[in-house]
Amino acid sequence: MNNLRNLRGTVDLLPDQLIKWQNVEKILLEQLSRASIKEIRTPILEMTELFIRGIGEGTDVVSKEMYTFFDRGERSCTLRPEGTASVARALIQNGMHTNPTQKLWYMGPMFRYERPQAGRQRQFHQLGVEFIGYESVRSDVEIIAFAWDILGKLGIEELNLEINSLGDSNDRLNFQKSFLKWLEINKDLLDLDSQNRINKNPLRILDTKNIQTKKILESAPKLFNFLSKKSLERYSELKNQLESLKIPFKENLNLVRGLDYYTHTAFEITSGALGSQSTVCGGGRYDNLIKQMGGKDTPAIGFAIGLERLILLAGKELDNERRTDVYIINQGLLAEPFAINLSRKLRDYDLLVELDLSGASFSKQFKKANKVNSKSIVIIGDQEAANKEFVIRLFDKEISGNEEEVISIESDIKLEKWLNNNLLSK
Ligand code: HAM
């Protein structure tokens with residue numbers, strides 16, 4: 001008895017499910033290419049230190065959720081929990097001075113040891129976009145608008161954009177001093193999880209889900225009140241520009257995000273249709289990360305979309321598969337090699353061709369062609385193969401006429417004419 005199973009929190013994506021994935025990915029790739037954003041691929045496995053330094057030791061991701069192990073050379077390795085730190089490393093390592101501003105994207109699996117539930121997995125997929133070397137508010141606006149528009153292109157409605165400003169590191173340091181004083185006094189009133197965060201990552205207490213703690217936090221100092229004049233101006237310019245683009249947003253002064261590298265703009269896009277794991281897209285500015293990791297002072301901003309959540313939201317029309325253009329029915333010693341040859345020829349016309357390999361009776365193969373709803377069929381028996389010809393027939397109830405033609409394999413002109421009249425122009 002075979003009881004091998006996949007690991008908890010990982011899933012097999014089967015051919016029927018992948019139709020929607022591929023349709024969604026196609027739209028994403030088109031949008032990325034139209035915005036002139038270039039792909040980057042970094043390894044799935046990295047040195048553990050990259051994420052400790054990049055994401056921050058006090059974050060949940062680093063302290064609780066990483067898949068970390070020693071390889072056979074006793075090096076500590078981690079399956080990437082996100083893509084931004086890897087992109088920053090790759091740019092520094094590969095000499096980004098040749099191209100100081102870059103718009104990049106990546107797509108692929110990420111790993112976090114979280115409790116699996118609807119919309120949350122241990123191996124999940126992200127599309128990430130990073131604008132490197134861009135400082136202006138306009139770059140914040142372009143990237144938020146881009147995220148907003150790709151979700152719109154996929155027909156997803158009822159989305160909420162939330163924004164906040166986390167200020168620069170100075171603003172945050174000033175806030176932290178005052179917040180820690182407040183925490184000392186109010187510690188016992190907080191939930192246990194928040195109490196544990198006081199020494200590790202006090203800022204994260206701000207976006208607690210605990211209702212009691214939320215209430216108590218109302219009297220805590222607000223990060224917003226510690227933003228410098230410059231940070232406030234920047235934030236207000238962001239809001240103006242989003243308004244002028246008519247992108248609706250809500251301010252959420254408690255939005256701090258779960259990774260330490262953020263500065264100034266932080267944003268999330270959520271959907272009520274997703275249940276408790278409602279964030280489909282999260283991102284923000286990280287002006288200090290690249291320098292902190294050993295590179296030059298380089299402002300940057302980015303976001304990542306969780307693809308599993310995106311697939312849950314994307315419309316039903318993306319479930320449709322491309323229809324088979326030609327189904328090749330064939331049987332007999334001469335017919336079978338002839339059929340393979342013809343299938344290769346037809347695929348050169350960018351047609352979706354399905355070759356029946358069953359060797360079953362003609363009537364069974366007809367039934368199969370009907371089942372896959374092919375637009376046309378080719379019929380080849382030994383007699384046709386001996387004559388180096390085949391019968392091609394339209395097989396579509398909606399197209400009248402259902403033209404049938406006998407075509408010689410050597411007559412490209414006749415074949416092209418038939419295809420043009422019956423399939424390629426439709
Ligand atoms: P993040 O908010 O940690 O940000 O993740 C982004 C998105 O990935 C989430 O909004 C969610 O849709 C999806 N996601 C995260 N964890 C899981 C999970 N366990 N299962 C399913 N989906 C999940 C980042 O990762 C940043 N690197 C984004 C970024 C790029 N910031 C700047 N540049």
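**Aromatic pairs across the model.** Two rings of Phe, Tyr or Trp (its six-membered ring) form a pair if their centres lie within 6.5 Å; planes under 30 degrees apart are stacked, over 60 edge-to-face, and the rest tilted. A search of the whole structure turns up 10 aromatic pairs. The model is predicted: local features need pLDDT of at least 70, side-chain atom pairs count only at pLDDT 80 or more, and totals for chains, interfaces and linings use all residues. Residues are numbered from 1 along each chain as its sequence is written, and side-chain values use heavy atoms, without hydrogens and water.

**Phe179 and Trp182, a stacked pair.** Their ring centres are 6.0 Å apart and their planes meet at 15 degrees, so the pair counts as stacked. Both residues lie in helix H6 (residues 169-186), 3 residues apart, about one turn of the helix. Helices here are DSSP runs (H or I, at least four residues), and strands are E runs of at least two, numbered from the N terminus. Phe179 and Trp182 are both buried (under 20% relative accessible area, 1.4 Å probe, protein chains only).

**Charges over rings.** A charge sits over a ring if NZ of Lys or CZ of Arg is within 6 Å of the ring centre and within 35 degrees of the ring normal. Lys103 lies over the face of Phe131, 5.1 Å from the ring centre. The charged end of Arg122 sits over the ring of Tyr113, at 3.9 Å from its centre.

Key: Buried means under 20% relative accessible area, exposed over 50%, partly exposed in between (1.4 Å probe, protein chains only).
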